[in-house]
Structure formats: structure tokens, C-alpha cells
Amino acid sequence: MSFSARQPATVTLREAVTTVCRDRAWWLHCLGYGGAATTLIGLPLAAGFVMESVDNSRRGFPTPLPPWSDPSTRYLAGLLALLIDITFFVFPAILGALLSFCVGITLVLGARGPDPTLVMLWIMLLTTPLPIGLFLSSVAPVARLRFADEGRIEKALSRDVLHWALRPDVRPTLVRARLISLPTYLPALGLMAMAGGLLRFTFPGQGVLLLAIVWLMMAALVFAHLVVVQIYVATERQLGS
């Protein structure tokens with residue numbers, strides 16, 4: 001997959017949401033795959049569903065949400081898609097956290113006994129830049145597009161993807177696409193905050209309510225990823241495939 005920079009306007013968030021909601025059963029898809037993702041074991045199934053929507057969108061289908069199909073194939077595609085996310089986001093975040101932990105321990109055990117505020121500042125400075133930078137640079141969505149295009153996971157995980165996403169003539173467009181996509185995660189973040197607030201209390205039926213909120217949160221994440229697919233497929237066309 002090769003690109004050359006162009007300048008047409010990218011798709012708006014409203015247009016991306018409209019495309020996803022064009023399928024009248026979009027909410028059933030989100031609830032169903034959100035429920036599967038809630039079990040964690042079914043998370044690859046939800047990721048595979050999103051990957052199939054990437055392929056449908058790249059082919060120009062008016063309703064890009066794929067119908068129910070072979071779960072084994074979808075599950076395998078989802079595992080590979082999750083591997084992309086782990087490589088380009090989760091692993092760097094864990095690496096940054098380990099590095100900050102080591103620095104924090106070193107400061108705490110220092111002879112002068114540093115201010116806890118200073119320790120937290122060091123942890124934030126070492127933990128956040130790498131995952132946030134990779135998130136904004138859109139490396140994972142680009143890798144998913146390449147995987148959908150070529151069907152070869154080794155190509156999607158290669159350094160070429162990172163190098164291309166960081167090219168000066170490409171980076172601003174990808175950062176713009178990422179910024180456009182950020183509001184899609186707000187419902188899931190709101191539900192996550194709600195679940196965290198409920199953990200502060202104890203009342204009958206709390207477990208059932210928490211499970212329902214987590215289910216809705218995962219469904220909201222599935223919807224967010226479907227919308228993000230539309231934004232990045234449009235960005236791929238904007239850059240020129």
C-alpha cells in the first residue's frame with residue numbers, strides 16, 4: 001500500500017456516524033459484539049467484526065457493517081487486529097510504565113527522600129509521551145488499513161508503517177484524523193467513569209448494574225471503532241492509495 005499526499009477535505013465526524021447508522025441494525029451489532037467483548041474471550045470476535053467493516057468500507061459498500069458470518073474466520077482476523085494494537089499502543093504504554101516505575105523506585109529510595117509530587121511528575125513525564133505520541137500519529141489504524149489491503153500481518157507490523165505514518169507530508173493529515181475521531185470515545189469514557197463511581201458504594205444489585213454498565217461501555221467502544229474506521233478509510237482515500 002503506497003500513498004502520495006493530497007489535500008481534499010477529510011470526512012467529518014457527522015458523516016462517519018451517518019454511514020455507520022445507515023445500517024438499521026447497527027445498535028444490535030454493537031450490543032452483540034459489545035457483549036462478546038465483555039467476556040474478554042470474545043474480544044477478538046468484536047475486533048474481527050471491525051476489521052471486516054474496514055474491508056467493506058474500502059470497497060465502497062453503502063452499508064459497511066458486515067452481516068453475521070463465519071465466527072472462526074472473524075475471530076482469527078480479530079486476534080491479528082488486536083496484535084497490531086498491542087504492538088503499536090499497549091506494549092509501548094507498558095514499557096513506559098515499567099520505566100517510570102523503575103525511576104520512581106530509585107527516587108523514593110534515594111538518600112534525600114524526594115517530594116512525592118516530584119516522583120509523580122517524573123512518572124507522568126516518562127509514561128505518557130510514547131503512547132500518546134503513537135496514538136496521535138495513528139500508527140495502529142494505518143497498520144490495520146495495510147493489513148486489510150495486503151492480508152499479511154508481518155507487513156502491518158513492519159517498521160515501514162511507523163516510518164510512513166511519521167512522514168512530514170503525511171503526519172498532519174493523520175493527526176487531524178485522530179483529533180476528529182476523539183469525540184467518538186466520550187460515551188465509553190463516561191460509562192467507565194460511572195462504573196468507577198459506583199465502586200465507591202455498596203448496595204444490593206451492584207454487581208448486576210456494574211456488569212450492565214461495562215456491557216454498554218464495550219458496546220460504545222465497538223461503535224466508536226466503527227466510526228473511526230470510516231474516518232481513516234476516508235483519510236486513506238484523501239492521501240491517495
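## Ground rules

Residues are numbered from 1 along each chain as its sequence is written, and side-chain values use heavy atoms, with hydrogens and water left out. Since this is a predicted model, local features need pLDDT of at least 70 and side-chain atom pairs count only at pLDDT 80 or more, while totals for chains, interfaces and linings use all residues.

## Overall fold

What does the secondary structure come to? You get 12 helices and 0 strands (DSSP runs numbered from the N terminus: H or I of at least four residues for helices, E of at least two for strands).

Of the 241 residues in the chain, 39% are buried (under 20% relative accessible area, with exposed over 50% and partly exposed in between, using a 1.4 Å probe and protein chains only).

## The nonpolar core

The largest nonpolar core has 54 residues (buried Ala, Val, Leu, Ile, Met, Phe, Trp, Tyr and Cys residues joined through side-chain atoms within 4.5 Å). Ile-84, Trp-164, Leu-174, Val-222 and Leu-226 touch the most other members. Helix 12, residues 206–239, gives the most to this core, with 17 residues.

Leaving aside residues up to four places away in sequence, Ile-84 has contacts (heavy atoms within 4.5 Å) that include Ala-140, Phe-147 and Leu-157.

## A look at His-225

His-225 also sits in helix 12. Is His-225 buried or partly exposed? It counts as partly exposed, because its relative accessibility is 34%.

His-225 touches Val-50 and Tyr-185, again not counting residues up to four places away in sequence.
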